[in-house]
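Visitor: Please take me in close to the surroundings of the ligand. You can start with a salt bridge on the way there, if you like.

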Amino acid sequence: SRLVVLVSGSGTNLQALLDAIASDPEGYGASVVAVGADRDGIAGLDRAVKAGIPTFVCPVKAYGSREEWDEALTEAVAAFEPDLVVSAGFMKIVGKAFVDRFGGRFVNTHPALLPAFPGAHGVRDALAYGAKVTGCTVHFVDAGVDTGPIIAQGVVEVRDEDDEAALHERIKEVERRLLVDVVGRLARHGYRIEGRKVTIQ
Ligand code: GRF
């Protein structure tokens, strides 16, 4: 399978995918054909360049409207003919054009146990709420924000001494393994989405 991965920051989830593919190019069942971002100068793009993978950047402010950005992002991704699009720390909400084009083959990883703590500050919100456990969720993206069908989740305990950074790093250790496992299985076995139920063959 052809993967396009979207990033906005450090790209450690992307790196986990690249490492898994590099260690078993035939067996993993997928390759990253491009990495896209909404901003330049981030480590996630450097990781792609180092791996010799084409990159593209679609900054929202470069377009006259959100819709134009969404359409440009959709075309930029479509140019690489992905089988699966993976949002790994991509911090923008895609619009109708993107979901219409890639819905059903667009997965996102979120650092909380959805439906708890959706949105851009899931780790901070779980900590502030006093949750005793939190975790991460890999799900298909639908028209909502962090509301699509859940594929897999991982649980992470919250420790009394945690601050946001420490908790997020502990979540990311689980998240990277979960994402690598899920993307590989989706790519190798194919899957069905029926309502909110995801079945990986
Ligand atoms: C991940 O925890 C992702 O769930 C969240 O931001 C983080 C991105 O980390 N949206 P990285 O860029 O993959 O290191």
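Guide: Let's settle one term: a salt bridge here is a side-chain nitrogen of Lys or Arg within 4 Å of a carboxyl oxygen of Asp or Glu. Keep in mind that this is a predicted model, where local features need pLDDT of at least 70, side-chain atom pairs count only at pLDDT 80 or more, and totals for chains, interfaces and linings use all residues. Numbering runs from 1 along each chain as its sequence is written, and side-chain values use heavy atoms, with hydrogens and water left out.

Asp38 and Lys92 make such a bridge, with their closest N and O atoms 2.9 Å apart. The two partners are 54 residues apart and tie distant parts of the chain together: Asp38 sits in the loop between β2 (31–37) and α3 (43–50), Lys92 in the loop between β4 (84–87) and α5 (96–102). Helices (H or I, at least four residues) and strands (E, at least two) are DSSP runs counted from the N terminus. Across the whole structure, ten salt bridges turn up.

Now for the ligand. Look for the polar contacts, meaning N or O pairs within 3.5 Å. A polar backbone atom of Gly11 is 2.8 Å from a ligand oxygen, and the side chain of Asn13 puts an N or O atom 2.9 Å from a ligand oxygen. By Shrake-Rupley with a 1.4 Å probe, the ligand has 360 Å² of accessible area on its own, and the protein covers 90% of that.

One backbone detail to finish: the peptide bond from Leu114 to Pro115 is cis, with omega near 10°, and Pro115 is in the loop between β5 and α6 (122–129).

Conventions:
A polar contact is a pair of N or O atoms within 3.5 Å; within protein, one must be able to donate a hydrogen and the other to accept it, and residues adjacent in sequence count only if both atoms are side-chain atoms.
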